Amino acid sequence: MSEAPDIEALDAEDALANRRADFLIPGGVIYLDGNSLGPLTVRARDRIACAVTDEWGAMLIRGWNEAGWFHAPQRVGDRIGRLVGAPPGSVTVADNTSTNVFKCLSAALAMRASRKVILSDSGNFPTDLYIASGLADGLGQGHELRIVAPEAVKAAIDDSVAVMMLTEVDYRTGRRHDMKRLTAKAHEAGALAMWDLAHSAGAFEVDLTGAGADFAVGCGYKYLNGGPGAPAFLYVRPELQEHVRPLIAGWMGHAAPFAFDLGYTPLEGIGRMRVGTPPVLSLAALDAALDLFDGVEMAAIRAKSVSLCETFIREVERLCAGHGLRLVSPRDPEIRGSQVSFAHTEGYAVMQALIARGVIGDFRAPDVMRFGFAPLYLSHREVAAAAAVLAEILETGSWDRPEFRARAAVT
Ligand SMILES: *Cc1c(COP(=O)(O)O)cnc(C)c1O
């Protein structure tokens, strides 16, 4: 049995600890689900109140100009761009991630019209695969969605592939693809590379420019803490932007929306990927939540994330040995995102028991208990305490109750 790490020492040297006070996490809760829905911040709460009362309420339609609503998708997109290694003018906030997958994938396929294969993997999030398969059918041009195992992606890249469409971090296991290497391989084969950063943005350093990625999408409500239903973002490599012809050509992507021309002329740059009116109130919350990333290097966030995850794995394995838990995340942090997953045959009920004790993670079928680690508000002490609660639940069998076995609509 390994020694318990010196939890207090790890927290004492934590340079991000001062951000915690900005998060409104209920007392008694250890929140390990920020990878699914980031918590409310003081700033977002206050900003929404202001956007409702002082902007919508007082300015009415003048808010589009006077409160900067019209330019917010671009301005907030640039703020996210800084977190994912994208230059100003290459990221915009828009729609939700699913819709952005559709928009980016359709644009990418049109740029490789002679090729018919969309290559993805079985670790991708289902909505991305549904969108790709629906698009392939809907285009009626003989496109095929080819799904291989995550380890088989590299070998499956050949000159039939139009677009390699991957999610960097597997939502279930936390396994992380090598974005740079796979993008290079796709480019060698003449394919385009599109990345979903849902579990990457705000969790660790992403370098879209350095990796040469062509398209990317990601969520606003996970590690970016934009709130339920926050708008998502998308990226198009600057050199490609002028070649993108949006399949969903809407007025917010028009060069002159208020000229009300009958014909569509795309806006210069990334803005053409916008479609309709942005969700101004949600966007205000996302904008305010992003303040917490100001003055922080993503490298510092990553270092703490690794430390939190390592602490959790060590504590769970030390305290819960013999209780049927199996680490399904990679043990090597180099190939792991900011989450740790353990499989257990009664994973659903065990997770419900944990949640009842204030340790909030989530469950992914068939047997995965998933714990996300967001460095801006978690301490090592909380992570160790969560492991201790898990150990106690397994030790006492307190998970074995009908109310913990009853499945809710959202797991
Ligand atoms: C969470 C997640 C989504 C969610 O898409 P929405 O359209 O926002 O519901 C998409 N892709 C991945 C990889 C995700 O993890």
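Of the 13 residues around the ligand, Ser 98, Asp 196, His 199, Tyr 221 and Lys 222 come nearest.

Trainee: Happy to start there! Which side chain besides that of Asp 196 has an N or O atom 2.9 Å from a nitrogen atom of the ligand?

Mentor: Good place to begin, and keep in mind that this is a predicted model. The side chain of Asp 196 has an N or O atom 2.9 Å from a nitrogen atom of the ligand. That distance of 2.9 Å to a ligand nitrogen is also found for an N or O atom in the side chain of Asp 128.

Trainee: Let's step back to the whole chain. How much area is buried between domain 1 and domain 2?

Mentor: First, the division: domain 1 covers 7-31 + 297-405, and domain 2 covers 46-293. Their centres, taken over C-alpha atoms, are 29 Å apart, and 27 residues of domain 1 are in contact with 19 residues of domain 2. Carbon and sulfur atoms give 59% of the buried area, which is about 1800 Å².

Trainee: Which residues of domain 1 lose the most area to domain 2?

Mentor: Three residues stand out, together making up 28% of what the domain 1 side buries. They are Met 298, Arg 302 and Gln 339.

Trainee: How many residue pairs are in polar contact between domain 1 and domain 2?

Mentor: Let's take charge pairing first: the count of salt bridges between domain 1 and domain 2 is zero. For polar contacts, with both residues at pLDDT 80 or more, the count is nine residue pairs.

Trainee: Which element gives the largest share of the side of domain 1 that touches domain 2?

Mentor: At least two residues each come from α11 (298-319), β10 (339-343) and β13 (368-372). That side of domain 1 divides into 13 nonpolar, seven polar and seven charged residues. The largest share, five residues, comes from α11.

Trainee: One for the backbone: which residue has a positive phi although it is not a glycine?

Mentor: Look in the loop between β2 (91-94) and α5 (97-111). The phi there is about 50°, and the residue is Asp 95.

Trainee: Last one! Which two residues does a cis peptide bond join?

Mentor: Go to the loop between β12 (362-364) and β13, where Pro 366 is found. Omega is about 5° for the bond, and the two residues are Ala 365 and Pro 366.

Key. Residues are numbered from 1 along each chain as its sequence is written. This is a predicted model: local features need pLDDT of at least 70, side-chain atom pairs count only at pLDDT 80 or more; totals for chains, interfaces and linings use all residues. Side-chain values use heavy atoms; hydrogens and water are left out. Domain bounds come from an automatic or database domain assignment. Contact means heavy atoms within 4.5 Å. Buried area is the accessible area (1.4 Å probe) that two parts lose on being put together, summed over both. A salt bridge is a side-chain nitrogen of Lys or Arg within 4 Å of a carboxyl oxygen of Asp or Glu. A polar contact is a pair of N or O atoms within 3.5 Å; within protein, one must be able to donate a hydrogen and the other to accept it, and residues adjacent in sequence count only if both atoms are side-chain atoms. Helices (H or I, at least four residues) and strands (E, at least two) are DSSP runs, numbered from the N terminus. Ala, Val, Leu, Ile, Met, Phe, Trp, Tyr, Cys and Pro count as nonpolar, Asp, Glu, Lys and Arg as charged, and the others, Gly among them, as polar. A residue is near a molecule or strand if one of its heavy atoms lies within 4 Å of it.
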